[in-house]
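Please look through the model below.

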Protein chains: 2
Amino acid sequence: MPSSQAATRRGRPGYDQQTVLNIAVDVFNRHGYEATSMGVLAENLGISKSAIYHHVPSKGDLLRLALDHALGGLEAVLTHADATDGKADQRLEYVLRGTIAVLTERLPFVTLLLRLRGNTEVEREALERRRAFDHQVAALVEAARSEGSVRKDIDPRTTTRLLFGTINSLVEWYKPGGPLTPEKLADDVIAMVFEGLHHHA
Amino acid sequence: MPSSQAATRRGRPGYDQQTVLNIAVDVFNRHGYEATSMGVLAENLGISKSAIYHHVPSKGDLLRLALDHALGGLEAVLTHADATDGKADQRLEYVLRGTIAVLTERLPFVTLLLRLRGNTEVEREALERRRAFDHQVAALVEAARSEGSVRKDIDPRTTTRLLFGTINSLVEWYKPGGPLTPEKLADDVIAMVFEGLHHHA
């Protein structure tokens, strides 16, 4: 990805690329990507409006890097051996736990990804990658259902949407660094969606 | 609520108030409430920009009416006898089913409510009512946990957030009028969150 390579070499002295990206993603999430001007980005980076083009890549490049950080993390979950080998329901559990881990570690990046509207080419490419990820998880749900480990009275498309709905909504309330660790959060989500909230004595 | 009363008496000849409201909510959801001008509303209602103030109440009044339609539906669920009498886990199930019913029946209105940022007084009042609703559901979760019908290894605040996350995310994908009826959707959500997806032979 030549534009990402170029972007990595740039950045203000004193700011590394990841810091620029963290600040940009925070601004995108607060104001919306469309509504964020290079001027607003410059202000948040503490550099002048006229200097920003020397210090940061284009808005589109920042978005591309940010979305790649989210999507790259999610895609890596699917290629891990625990996602590809073994019983489908264990692979599904591994993928859901991995998705929650990426979501909590890269929270602002995943938040940005989930709020995309698809108005630009960069956004459309990211949505395409997100759809491909979703399809692979849907295939795992299907496989777990076929092997008999996941209940059959719910349509697998509904099951997949409920799972993503539950997990994606974590970005709305999860606060990293608080008393609820990412690991306990993953345990709780897995307990609810696979075993249910009812206590059976 | 005097402003709502005033609004009810207004409206373009040929449009009843509910139609104006339906169109306005659709426009708010597509463009965002902040970004929607009276001019854009006029265009979508098929009336001239100069005539809109004679035909529709203010943008704020439309928002207030729309949010009241969503919140009124949700609040009515909590005052039903099935929500107030009986075992806590059955009351909780009734409230979750009722929430899903309101969400699917009044989908664009609940969508608008869930996307609020709280930038105006009308929005802040609505968020206050939403928080009161959430607190009552949280109290039901606590009660179900105390009576031993809901698992205790998950913090009740986490349980409540996971339940709302799962249900609120339905607005992102549920399509009314499709093969998945609101009743079956409610059955599916209740099955997943209370009994879990795992199939136990």
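Q: How many residue pairs are in polar contact between chain B and chain A?
A: The model is predicted, and local features need pLDDT of at least 70, side-chain atom pairs count only at pLDDT 80 or more, and totals for chains, interfaces and linings use all residues. A polar contact is a pair of N or O atoms within 3.5 Å; within protein, one must be able to donate a hydrogen and the other to accept it, and residues adjacent in sequence count only if both atoms are side-chain atoms. With both residues at pLDDT 80 or more, the count between chain B and chain A is 21 residue pairs.

Q: Which helix gives the most residues to the side of chain B that touches chain A?
A: Helices are DSSP runs (H or I, at least four residues), numbered from the N terminus. At least two residues each come from α2 (17–31), α10 (156–168) and α11 (182–195) of chain B. The most, 8 residues, come from α11(B).

Q: How many charged residues are on the side of chain B that touches chain A?
A: Asp, Glu, Lys and Arg count as charged; Ala, Val, Leu, Ile, Met, Phe, Trp, Tyr, Cys and Pro count as nonpolar, and the others, Gly among them, as polar. On this side of chain B there are 13 nonpolar and 12 polar residues, and the number of charged ones is 10.

Q: How many salt bridges does the rule find across the interface of chain B and chain A?
A: The rule asks for a side-chain nitrogen of Lys or Arg within 4 Å of a carboxyl oxygen of Asp or Glu. Across the interface of chain B and chain A, the number found is 0.

Q: What area is buried between chain B and chain A?
A: Buried area is the accessible area (1.4 Å probe) that two parts lose on being put together, summed over both. Carbon and sulfur atoms give 58% of the area between chain B and chain A. The total is about 3,300 Å².

Q: Which three residues supply more of the area that chain B buries against chain A than any other three?
A: Together these residues supply 22% of the area that chain B buries against chain A. They are Arg151(B), Leu197(B) and His198(B).

Q: Is Ser169(B) buried or exposed?
A: Ser169(B) is found in the loop between α10 and α11 of chain B. Buried means under 20% relative accessible area, exposed over 50%, and partly exposed in between (1.4 Å probe, protein chains only). Because its relative accessible area is 10%, Ser169(B) is buried.

Q: Why does Val77(B) count as buried?
A: Val77(B) has its place in helix α5 (residues 59–79) of chain B. Val77(B) touches residues including Tyr94(B) and Val102(B). It counts as buried because its relative accessibility is 8%.

Q: What area is buried between domain 1 of chain A and domain 2 of chain A?
A: Chain A is divided into domain 1 (2–58) and domain 2 (61–195), with bounds from an automatic or database domain assignment. The contact takes 17 residues from domain 1 and 15 residues from domain 2. Carbon and sulfur atoms give 66% of the buried area, which is about 1,400 Å².

Conventions: Residues numbered from 1 in each chain as written. Chains lettered and ligands numbered in written order. Heavy atoms only, no water. Contact = heavy atoms within 4.5 Å. Lists of a residue's contacts leave out its neighbours within four places in sequence.
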